[in-house]
Amino acid sequence: MVKPVVLAPNLIDHFYRGGERIAELRGIRTTSARQPEEWLGATVSRADEEMIGLSRAESGELLRDLVSADPASWTGPEHAAARNDADVGVLVKLLDAGQRLPVHAHPDRSFARSHLDCPYGKTESWLVLGSEPGAAVHLGWKTDIDGEELASRRDSQDGDWMLGHMNRVEVSPGMGILVPAGTVHAIDAGVFVVEVQEPTDFSIVLEWSITTSTREESHLGIGFDVAMHAVSTMALPHSRLDRLVVRNDLAVRHSEAKSVLPVDADPFFTLHHVAPMPGSTQRIGSGFAVVLVLSGNATLVGAHERIHVSSGQVLAVPHAFGGWEVDGDASALVGAPGFGWPASLGQKQR
């Protein structure tokens with residue numbers, strides 16, 4: 001029987017600085033100043049890379065290979081019948097910004113199907129685990145933006161102009177933020193998040209000059225004339241912005257697993273906080289999931305297996321484990337594909 005596997009550390013070298021808080025949480029060491037991301041439960045790799053990003057079990061086996069060898073056990077018979085591959089429908093990351101991330105955006109599913117031969121775009125979300133005082137994220141335009149003006153500011157690398165026209169949201173631990181595809185965004189230095197997203201690495205970078213990246217690496221290989229059609233120039237009003245942010249207290253224990261993302265994330269992915277009250281357990285339904293243990297110890301109790309977990313561990317849980325319970329004093333996060341996946345891939349998204 002396929003059972004949950006503990007995943008080895010998977011730090012990613014990137015074009016921006018960071019990574020110390022990931023190492024602290026996971027009980028590992030960084031090997032450079034530019035390892036600000038760890039990809040968790042990843043069966044997809046970095047853009048234009050064959051192996052970088054792919055998660056491995058502690059035994060050394062690629063998770064991608066385990067899933068592709070037995071997709072029915074890992075993602076469920078319905079999915080396996082439709083797509084016999086290693087697609088698990090979600091990508092979870094740790095992201096520790098040691099510098100401000102550049103202004104960028106991601107394509108939606110329609111654009112990705114038309115221009116990138118992929119059913120997924122890159123809607124993403126952040127759950128803030130830590131932040132320095134006054135740190136913020138920048139999300140969407142405050143007013144409608146002229147497309148030609150934006151192209152000119154991009155070409156002159158005028159990041160101050162871009163940030164000045166974006167909504168600034170000061171963050172604190174426990175905030176869950178949804179970033180719809182097409183929405184420009186940036187993250188300040190000092191922000192540490194769990195990121196849950198569609199399983200791709202598609203980024204249109206408008207402000208590459210503050211990174212080690214280049215203009216030619218910033219437009220998905222299709223040129224800015226095409227790529228900019230994926231970037232919204234419409235205002236993100238406060239009425240909509242308010243729906244993209246929820247506030248959670250990760251120190252609180254619950255009677256059942258608690259969603260920590262805005263409801264509009266549900267078609268794309270889910271993220272639940274699991275923190276059983278003393279003497280109780282919390283149940284998680286069957287399906288592929290990535291588990292990150294934030295603190296404490298617990299046992300994942302399946303129908304035929306009991307898996308002990310402790311602070312800093314990451315596990316990939318297969319569909320075949322069935323519905324399972326968390327028993328113990330751990331605080332953990334459980335990321336999974338969106339509601340209705342994989343059938344939802346063919347549906348038009350808002």
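This is a predicted model: local features need pLDDT of at least 70, side-chain atom pairs count only at pLDDT 80 or more; totals for chains, interfaces and linings use all residues.

User: Through how many residues does the hairpin join β18 to β19?
Analyst: Strand β18 covers residues 297-301 and runs antiparallel to β19, with five bridges between the two. At least two bridges make a pair. The hairpin linking β18 to β19 passes through four residues.

User: In β19, which residue is the bridge partner of Leu300?
Analyst: Val301 of β18 has Arg306 as its bridge partner in β19. For Leu300, the partner in β19 is Ile307.

User: Which are the edge strands of the open sheet of four strands?
Analyst: The order in this sheet is β16-β21-β18-β19, and the pairing is antiparallel. From one strand to the next, the twist averages 25°. An edge strand pairs on one side only, and here that applies to β16 (281-284) and β19 (306-310).

User: How many of the residues of β17 are buried?
Analyst: Strand β17 spans residues 289-295 and is mostly covered. Buried means under 20% relative accessible area. Of its seven residues, the number buried is six.

User: Which residue in β22 stands opposite Val290?
Analyst: β17 has antiparallel partners: four bridges join it to β20 (residues 314-317), and five join it to β22 (residues 331-337). In β20, Val290 is bridged to Ala316. In β22, the residue opposite Val290 is Gly335.

User: In β15, what is the bridge partner of Ser259?
Analyst: β14 pairs with β15 (residues 269-274) over two bridges, in the antiparallel sense. In β15, the partner of Ser259 is His272.

User: Which residue caps the N-terminal end of helix α6?
Analyst: Helix α6 covers residues 147-155. A side-chain oxygen of the capping residue lies 3.1 Å from the backbone nitrogen of Glu148. Just after α6, Gln157 has a positive phi of about 55°. The cap itself is Asp146.

User: Is Asp117 buried or exposed?
Analyst: Most residues other than glycine have a negative phi. Asp117 instead has a positive phi, near 55°, and lies in the loop between α5 (109-115) and β6 (124-131). The cut-off for exposed is over 50% relative accessible area. At 75%, Asp117 is exposed.

User: Why does Leu220 count as partly exposed?
Analyst: Leu220 sits in the loop between β12 (204-205) and α8 (224-227). Its phi is positive, near 65°. Partly exposed lies between the buried limit of under 20% and the exposed limit of over 50%. Leu220 counts as partly exposed because its relative accessibility is 22%.

User: What is the omega of the peptide bond from Trp341 to Pro342?
Analyst: Most peptide bonds are trans. Pro342 lies in the segment after β22. The bond from Trp341 to Pro342 is cis, with omega near 5°.

User: What is the radius of gyration of the protein chain?
Analyst: The chain has nine helices and 22 strands. For 350 residues the globule rule gives 20 Å, and the chain comes close to that, so it is as compact as a globular protein of that length. Its C-alpha atoms fill a box of roughly 60 × 45 × 40 Å along the principal axes. The radius of gyration is 19 Å.

User: What share of the contacts with a separation of 6 or more comes from residues 24 or more positions apart?
Analyst: As for burial, 57% of the 350 residues count as buried. The chain exposes about 14400 Å², with carbon and sulfur atoms supplying 48% of it. Among contacts with a separation of 6 or more, the share from residues 24 or more positions apart is 73%.

Key:
Residues are numbered from 1 along each chain as its sequence is written. Side-chain values use heavy atoms; hydrogens and water are left out. Axes are lines fitted to C-alpha atoms, for helices over the stretch in contact, and angles run from 0 to 180 degrees between N-to-C directions. A polar contact is a pair of N or O atoms within 3.5 Å; within protein, one must be able to donate a hydrogen and the other to accept it, and residues adjacent in sequence count only if both atoms are side-chain atoms. Buried means under 20% relative accessible area, exposed over 50%, partly exposed in between (1.4 Å probe, protein chains only). The radius of gyration is taken over C-alpha atoms; the globule rule is 2.2 Å times the number of residues to the power 0.38. Contact means heavy atoms within 4.5 Å. Accessible areas come from the Shrake-Rupley method with a 1.4 Å probe; for residues, only the protein chains shown count as cover.
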